[in-house]
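My notes follow the order of the checks.

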Amino acid sequence: MVTDRTAPVETTALASEVEGLLSPAEPDGIYRDSRECGGGLLLAGLLLLSPPTPRPKSGDR
């Protein structure tokens, strides 16, 4: 019987790579503030709820 001795090494490397992808470190200088996110969400909501811009009437010339 032939045994593959590289499998545990490859499995360990693959497991550490998958673990790194599942919980990536946050890049330097990019931090999310809850107030900043809340303000952006409020602004997006106000834009969605605002009335559309008025269009010129087609009947009056």
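I looked up burial first: of the 61 residues of the chain, 0% count as buried (under 20% relative accessible area with a 1.4 Å probe, protein chains only; over 50% is exposed, in between partly exposed). The model is predicted, so I noted that local features need pLDDT of at least 70 and side-chain atom pairs pLDDT 80 or more, while totals for chains, interfaces and linings use all residues. Residues are numbered from 1 along each chain as its sequence is written, and side-chain values use heavy atoms, without hydrogens and water.

I checked the secondary structure and found 2 helices and 0 strands (DSSP runs numbered from the N terminus: H or I of at least four residues, E of at least two).

I looked at helix α2, residues 34-49: its 16 residues reach 22 Å from first C-alpha to last, close to the 22 Å expected at 1.5 Å a residue (1.5 Å times one less than the number of residues). The number of buried residues in α2 is 0, so this helix lies largely in the open.

I then turned to Leu-14, which lies in helix α1, residues 7-22. Leu-14 counts as exposed because its relative accessibility is 52%.
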